[in-house]
Amino acid sequence: MAGISGRMSTVIKAKISKMLDRAEDPGETLEYSYQKQIELLQNVKKGIADVVTSKKRLQLQSQKLEQSVVKLDTQARQALSAGNEELARAALERKQLAQSELQGLDQQVKELEGQQASLTENEKRLRAKIEAFRTKKEVIKAQYSAAEAQVKISEAATGVGEEMADVGLAMQRAVDKTENMRARASAVEELEKAGTFEDLTQLGSGSDDIDRQLHELTSSGAVDDEMAKMRAELGSGGADKTPAIEAPAEATAETEESR
Amino acid sequence: MIVRISTEDQFELSDDHAERLNELDNAIVDAVAAGNEDTFKKLFDEMLSLVRDDGTVLADDDLRDSEVILPPPDLSFAEAGEEFQGDGLIPD
């Protein structure tokens, strides 16, 4: 059991030796390695900032969708109590779509939080190794002859180089994942732009193109169930019932008042 | 022996663990070759747990390099096909 194989290790070793081969003079090698390390550290910081930006964007979208869910629910109740079943159905279909998008977004926000935490750990570790390397670099330059220094540099640079390669890998994986999420966030934005979660009363009752697509997207069984539930709640509305029914009854009351 | 879990940390392990690690490595190669994803997941998790639970985390400013580098914990089965083949991560 000597040495390592595996693609991961091979790639890392190749990167380190490339870095060491850049300069002939040990002093130069040291400075060059150190420069590279500092550059990478800056990149990691940028990478973390990117993850935070993506996370904030998703959180903002998530908030908007939450508002849409509440709005569409209220509209469905209004429509149903006014006897407009078709409009109520359209609102519920949109609500369902918004809810499923919301679940996806929340999951992604969690994933990004995890990535942010682990990249921050990576950054901390790399920073500690670079600092150790910096100290060692000065010792090597002061105390060793050129030939001896070469060996010592190699040792120190391999350790820190491995960390650098690993941070690079962690960043690459984070970027890949964030890109996938961006695609999803854009898809939600498209739906928003198309007015999917907009005020239904301005669109008229479910007859436009969006509605036809929504019929296909949402399972009508779930919409039927929610309609039935809502109908039952509205039917018993006004009376003093459990808190679960109270909220919609209030919403209806408010609507009546505002008219 | 120093083992790195990619994107995670470096750990120091005793030689007994090295042997167990090698066994797991070979078993994973077999599972991947057989296209058995469930077995791969189970064994890979066991491999990671072995290193995390029985190893000691290396200090952040320790500049020693790793003898074995394990792939990242979120490795997909497709990626595993590239890592775990032939002798696996650890040559026999």
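1. **Starting at B:R20.** With a relative accessible area of 32%, B:R20 is partly exposed. Keep in mind that this is a predicted model. B:R20 pairs with B:E46 in a salt bridge, and their closest N and O atoms are 2.6 Å apart. B:E46 sits in helix α2 (residues 37-54) of chain B and B:R20 in helix α1 of that chain, so this pair ties together parts that are 26 residues apart in sequence. B:E46 has 31% relative accessibility, so it too lands in the partly exposed class, which lies between the 20% cut-off for buried and the 50% cut-off for exposed.

2. A:E163 and A:K129 meet through their side chains in a salt bridge, at 3.4 Å from N to O.

3. In general, side chains of opposite charge can pair when their charged atoms come close.

4. You'll find B:D9 in strand β2 of chain B. Its relative accessibility is 13%, so B:D9 counts as buried. Side chain to side chain, B:D9 makes a polar contact with A:R125 at 3.3 Å. Setting aside neighbours within four places in sequence, the contacts of B:D9 are A:R125, B:V3, B:R4 and B:V57.

5. **Interface size.** On the contact count, 33 residues of chain B touch 31 residues of chain A. About 2,600 Å² is buried between the chains, and carbon and sulfur atoms account for 50% of that. Which three residues of chain B supply more of its buried area than any other three? They are B:T7, B:D60 and B:L63, which together give 27% of what chain B buries against chain A.

6. Eight salt bridges are counted between chain B and chain A, and one to look at is A:R173 with B:D74, at 2.9 Å from N to O. Polar contacts across the interface come to 14 residue pairs, with both residues at pLDDT 80 or more. On the chain B side, β1 (2-5), β2 (9-12), α1 (15-33), β4 (68-70) and α3 (77-83) each contribute at least two residues. By type, that side splits into 14 charged, 12 nonpolar and seven polar residues.

7. **A backbone check on B:T7.** B:T7 lies in the loop between β1 and β2 of chain B. Its phi is near 65°, a positive value in a residue other than glycine. Most residues other than glycine have a negative phi. B:T7 counts as buried because its relative accessibility is 17%, and the cut-off is 20%.

8. **The nonpolar cores.** The largest core has 38 residues, and the members touching the most others are A:V44, A:L58, A:L65, A:L119, A:L126 and A:F133. Helices α2 (26-81), α3 (85-143) and α4 (146-193) of chain A each put in at least two residues, and the largest share, 13 residues, is from α4(A). As an example, not counting residues up to four places away in sequence, A:L58 touches A:L105, A:Q108, A:V109, A:L112, A:M181 and A:A185. Apart from this core lies another of 26 residues, including B:F40, B:F44, B:V51 and B:L70.

Note on methods. Residues are numbered from 1 along each chain as its sequence is written. Chains are lettered from A and ligands numbered from 1 in the order in which they are written. This is a predicted model: local features need pLDDT of at least 70, side-chain atom pairs count only at pLDDT 80 or more; totals for chains, interfaces and linings use all residues. Side-chain values use heavy atoms; hydrogens and water are left out. Contact means heavy atoms within 4.5 Å. Buried area is the accessible area (1.4 Å probe) that two parts lose on being put together, summed over both. A salt bridge is a side-chain nitrogen of Lys or Arg within 4 Å of a carboxyl oxygen of Asp or Glu. A polar contact is a pair of N or O atoms within 3.5 Å; within protein, one must be able to donate a hydrogen and the other to accept it, and residues adjacent in sequence count only if both atoms are side-chain atoms. Helices (H or I, at least four residues) and strands (E, at least two) are DSSP runs, numbered from the N terminus. Ala, Val, Leu, Ile, Met, Phe, Trp, Tyr, Cys and Pro count as nonpolar, Asp, Glu, Lys and Arg as charged, and the others, Gly among them, as polar. Buried means under 20% relative accessible area, exposed over 50%, partly exposed in between (1.4 Å probe, protein chains only). A nonpolar core is a set of buried Ala, Val, Leu, Ile, Met, Phe, Trp, Tyr and Cys residues joined through side-chain atoms within 4.5 Å.
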